[in-house]
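Visitor: Hi! I have a model open and would like to talk it through. Could you start with the terms we'll need?

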Amino acid sequence: MRQQPQAQADTAVAAAGQPAAASLSLLPAALVSASGFLLFAWQDRLSGFLLLATALAVAAFISRRLLVDLALIGVGLTAMSLVPITTDISTEHMAVMGTAMVLAVGIPYSVSRFVTRDHAIRFPIRTGTPWTRAEKWYLPAVLVIGYALMPVYMISTGVYNNWPAVSDPDGIIRLFLGTNVLGIWDELFFICTAFTLLRRHLPDWQANLLQAVLFTSFLWELGFHAWAPFFIFPFALLQARLFTVTKSLSYIVSVHLLFDFVLFLVLVHAHNREWISIFLY
């Protein structure tokens with residue numbers, strides 16, 4: 001009977017300590033996010049790596065778990081920063097960038113699964129929970145939004161020129177595969193890996209903002225310039241929120257690939273104006 005009040009007291013103390021721990025964790029987590037901005041958007045590798053090292057040093061003084069989780073995100077950022085992040089669809093570049101993408105996701109997952117054994121990183125494809133009516137209706141809405149937004153953005157700004165002009169079957173297939181594979185990877189790394197690890201130490205809204213900075217910075221280096229951050233950043237925030245609610249990788253990937261399908265059609269049309277003349281811009 002005496003143990004119950006003590007257990008309640010311990011729980012209260014632990015709950016009271018969580019905001020303080022999250023407050024301390026925010027600094028190194030924000031530094032990791034800022035390092036991603038320097039590595040990708042600013043393309044300043046030296047400053048980016050120095051900031052990442054500083055973040056890990058600060059995390060080491062806070063907790064071992066925080067250090068490990070931020071280091072796993074850092075592994076992914078490092079892997080991607082060491083290869084050219086471009087829209088080149090040659091076999092050589094796709095192999096190099098694809099290898100980095102596999103390492104960026106595979107190393108954090110393997111460490112979480114087999115070394116630390118906390119299995120914090122998961123890729124829930126079949127959750128057993130059916131999508132709600134609102135979630136189902138959002139999918140065609142994504143196509144409408146993409147149809148209204150992507151041609152205006154890509155063509156009016158000339159950003160489509162950051163992607164290769166393809167008109168032959170082989171090039172079109174490569175472009176289709178490249179846009180789709182990259183879209184899937186975005187969700188595997190930025191949402192299932194970075195966001196998941198960050199939210200172990202921070203409130204969801206803080207973790208979401210930090211992963212959105214990484215998400216947007218990476219796509220900026222890929223070629224989404226001009227005013228792209230004004231829609232990519234909210235998209236990244238929404239994807240993480242949808243993942244939090246649905247707990248379904250398959251759902252957020254479906255959303256992303258619908259956008260990428262419209263992107264693919266717009267790119268083909270932009271470089272071959274007589275093809276797929278269905279857009280308004």
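Guide: Happy to. Buried means under 20% relative accessible area, exposed means over 50%, and partly exposed is in between, with a 1.4 Å probe and protein chains only. Helices are DSSP runs of H or I with at least four residues, strands are runs of E with at least two, and both are numbered from the N terminus. This is a predicted model, where local features need pLDDT of at least 70 and side-chain atom pairs count only at pLDDT 80 or more, while totals for chains, interfaces and linings use all residues. Residues are numbered from 1 along each chain as its sequence is written, and side-chain values use heavy atoms, leaving out hydrogens and water.

Visitor: Thanks! Which residues of α2 are buried?

Guide: Gly-48, Leu-52, Ala-55 and Ala-59. Seen down the axis of α2, they fall within an arc of 60 degrees (taken from the directions from the helix axis to the C-beta atoms), so they line one face of the helix. On the other side of α2, Leu-46, Leu-50 and Phe-61 are exposed.

Visitor: And how many salt bridges are there?

Guide: The count is 5 salt bridges, each being a side-chain nitrogen of Lys or Arg within 4 Å of a carboxyl oxygen of Asp or Glu. One of them joins Glu-221 and Arg-45, at 3.1 Å from N to O. Glu-221 is in helix α7 (residues 204-222) and Arg-45 in helix α2, so the pair ties together parts 176 residues apart in sequence.

Visitor: Is Glu-221 buried or exposed?

Guide: Glu-221 is buried, at 10% relative accessible area, whereas Arg-45 is partly exposed at 25%.

Visitor: Which residues are linked in a network of salt bridges?

Guide: Asp-69, Asp-118 and Arg-200. Arg-200 pairs with Asp-69, with the closest N and O atoms 3.1 Å apart. That pair links Arg-200, in the loop between α6 and α7, with Asp-69 in helix α3 (residues 64-81), 131 residues away. Asp-118 also bridges to Arg-200, again with closest N and O atoms 3.1 Å apart. Asp-69 is buried at 2% relative accessibility, while Asp-118 is partly exposed at 30%.

Visitor: Switching to the surface: which residues make the nonpolar patch?

Guide: Leu-143, Ile-173, Phe-176, Leu-177, Val-181 and Phe-261 make a patch of about 510 Å². Patches use residues with over 30% relative accessible area and no salt bridge, joining like charges within 9 Å and nonpolar side chains (Val, Leu, Ile, Met, Phe, Trp, Tyr) within 5 Å. Accessible areas come from the Shrake-Rupley method with a 1.4 Å probe, and for residues only the protein chains shown count as cover. Helix α6 (residues 169-198) gives the largest share, 4 residues.
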